Every structure is written in C-alpha cells, then in structure tokens.
Amino acid sequence: MGGCTVCTKFLLATVNIITIMLGIALASAGIVILVKGHVYFPEVPQYSTSFHTPCAIIIVIGFLMLFFGIFGAYSTFSGRAGWLNCFFFFIFSLALLEIAALVALLIKREYVSSYVLSNIEDWFNNMNHENATELEMLGVSTIQLSLECCGATEVEPSQCRQGTCFSEDGQEIDGTQYWTMWNRNNRVPASCCGSKAKPTSAAYYCNRYEDPNIRKMPCYPSLVTWLEYSIWGLVGALGGLIVLNFCVMFGAKWLKNKDVDDDSYLYTRYNNHDTSSSFTEKTRETNDTGFNSTWL
C-alpha cells in the first residue's frame, strides 16, 4: 500500500467516522430532549409539544449524517470505483451548496443579523405583554441567563462599558425597566436574577430592587455583538467545511482513478500472457474476492 493511498484513506476514514459520531450524537440528543426536555428546560411544561418540531429536525439531520457517514466509509474501504464515484458527486454537490450559502451569508450578513435581532425583540415584547409562546419564553430566559442581562432596551454597544450602559446624558440605563407591563410588585423574570424557574411557579419572578443577584445590563448591545461574532464564526465554519469537502472530494477521486488504473494494469498483463507468480497471485485474489490488495 503506497504512502499516498494510506494518507488518503486515513483522511477519508477520519472524516467519515467523525460524521458517523456526529450523526449518532445529534440523533441521540434530539431523542433525549424530546423525551426529557422538561428536565433540562424547566421553563417549558412537562407535557408541552413545543419541542416536537425542532427535535424532529435534529433527529432527521442526525440520521442523515449517520447514513452518509456509513456510505462514505463503505466507499472508502471497499475501494470500488462506482461507490467512490457516487461519494465524489455527493460531496461535490454538498460543497456547491456550502459555497452558495457562504456567498449569500457574506452578501446578506447585515440583513441576517437584523432579521434575527428583530425576531428576538419580538420574543421579549411578547413576553412583556404576557402572550409569548413556550419556546419564546425559553428563548428569552436562555438569552438573559447566558448573556447575564435583563430586558431588551435598545442601546448601542458603544454606549456600554464594563457591564453598564449609559444614556447620552451620562445616566445609567437600567435594563430591568424594560418589563413595564409586569406591574406585580416590581417583579421581573427570574432569569434577570440568574435563576431558572417554571412559568407556573412563584419563583418565576424576582424583585428588581431587592434581589441581590439582579442584572441591570440590557440584552440588546450584547445581542448585537454576539450576532456579529456568530455570523463571522459561521462564515469561518462554512469556509473550513468547503476546504475539507474539497480535500475529501479529491481524495475520493484519486482512489477511484487508482482503482481504474489498477484494473487496466491487470487487464493489460493478462492479455500479454504474463505468468509471473506475483501477477498470478494478484489475479487469483481478484477472482476470488472481487477486490485486490494492490488497489490499496
């Protein structure tokens, strides 16, 4: 087995094994969240159907990754030209889709950021007016807990420093004042105080003036910064996937061409009545198994 062949097979095998593992992880995560979602996300009631659609999508993606990982691994280890050719065209199609997504994201990154931010603002607004869905409530709580903020008061990131935002006249902006519709003894969502709680429990609220863990930093500037970094991170991830896909694609093509060349080599020697012991052994192996070790 030549050095180039070993390296190529190692690359393809590694990529396919990682794909299989990711597929298993995604499908398992989707199933676990579907069954035990209320345990990991207490904001959502136990018998809620809110997780059904996103979990179904995650499970389907996981099984697709598992299928294509197994398909790629079989194509790599079988060394058959037909299988490698199918694998090549699949990876080529995937690379084209990723390139299109990358170009679209670079061109429309401002639109994507504004669209996502607008939807998140709707979540906060709906929750403030007490007509948010369970997933919107979960989204708001997750954002406030993750970014350690409270409310969605619109503030530019340039107005904030060291976890505090200031108005143009130098006054501190209190993010808890965003929850204007919640006239319940100055109560705000528990996530503003760093706590998780079910919407139906009394602990779902905390006092904006008395709780020692209250967070007054508005979420808006942190969201703007987070979205900017996330979009550029996604651009980098897509770029890396494209490079990896082309490496896998050319590796599959190289193995496929090597398989064809070896078939032509054996056919030529057979027609030339080569009776050397090495050729006889190679031919016998091919006839018995349909696969020759020299093709590796």
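Cys86 is partly exposed, with a relative accessible area of 45%. For scale, buried stands for under 20% relative accessible area, exposed for over 50%, and partly exposed for what falls in between (1.4 Å probe, protein chains only). Cys55, by contrast, comes out as buried at 2%.

A quick word on what you're looking at: this is a predicted model, where local features need pLDDT of at least 70, side-chain atom pairs count only at pLDDT 80 or more, and totals for chains, interfaces and linings use all residues. Residues are numbered from 1 along each chain as its sequence is written, and side-chain values use heavy atoms, with hydrogens and water left out.

## Disulfides

A disulfide is a covalent bond between the sulfur atoms of two cysteines. Here the call is made when a pair of cysteine sulfur atoms lies within 2.5 Å. How many disulfides does the structure hold? There are four. If you count the bonded cysteines along the chain, the pattern reads 1-8, 2-5, 3-4, 6-7.

Start with the disulfide formed by Cys149 and Cys219. Cys149 sits in the loop between α5 (134-147) and β1 (160-161), while Cys219 belongs to helix α6 (residues 219-271), so this link ties together parts that are 70 residues apart in sequence. Cys149 is buried at 0% relative accessibility, and Cys219 is buried with a relative accessible area of 0%.

Cys150 counts as buried at 0% relative accessibility, and Cys192 is buried at 0%.

Then there's the disulfide between Cys193 and Cys206. Cys193 is in the loop between β3 and β4 and Cys206 is in strand β4, which puts these linked parts of the chain 13 residues apart. Both Cys193 and Cys206 are buried.

Here's the geometry of these links:

| Pair | S to S distance | Torsion about the S-S bond | Hand |
|---|---|---|---|
| Cys149 and Cys219 | 2.0 Å | 95° | right-handed |
| Cys193 and Cys206 | 1.9 Å | 80° | right-handed |

## Aromatic pairs

A pair of aromatic rings is described by the distance of the centres and the angle of the planes. Rings of Phe, Tyr and Trp (its six-membered ring) pair up if their centres lie within 6.5 Å; planes under 30 degrees apart are stacked, over 60 edge-to-face, and the rest tilted.

The structure has seven aromatic pairs. Why does the pair of Phe67 and Phe71 count as stacked? The ring centres of Phe67 and Phe71 are 6.4 Å apart and their planes meet at 15°, so the pair is stacked. Both residues lie in helix α2 (residues 52-78), four residues apart, or about one turn of the helix. Phe71 is buried, at 17% relative accessible area.

Tyr178 and Trp179 make an edge-to-face pair, with 5.1 Å from centre to centre and 85° between the planes. Both of these residues are buried.

Back with the phenylalanines, Phe67, Phe68, Phe71 and Phe90 form one aromatic cluster.

Phe89, Phe92, Leu96, Ile99, Val103 and Ile107 form a nonpolar patch on the surface, with about 540 Å² of accessible area together. Val103 is in helix α3 and is partly exposed at 41% relative accessibility. The C-alpha atoms of Val103 and Val235 are 9.1 Å apart, although the two residues are separated by 132 residues along the chain. Ile107 is in helix α3 (residues 81-107) as well, and this residue is exposed, with a relative accessible area of 64%.

What about α4? Among the buried residues in α4 are Ser113, Leu117, Ile120 and Phe124, along with Asn126, Met127 and Asn128. Just after α4, Glu130 takes a positive phi of about 60°.

Technical notes. Helix = DSSP H or I, 4+ residues; strand = E, 2+ residues; numbered from the N terminus. Patch = residues over 30% accessible without salt bridge, like charges linked within 9 Å, V, L, I, M, F, W, Y side chains within 5 Å. Areas by Shrake-Rupley, 256 points an atom, 1.4 Å probe, with all protein chains shown as cover. Salt bridge = Lys/Arg side-chain N within 4 Å of Asp/Glu carboxyl O.
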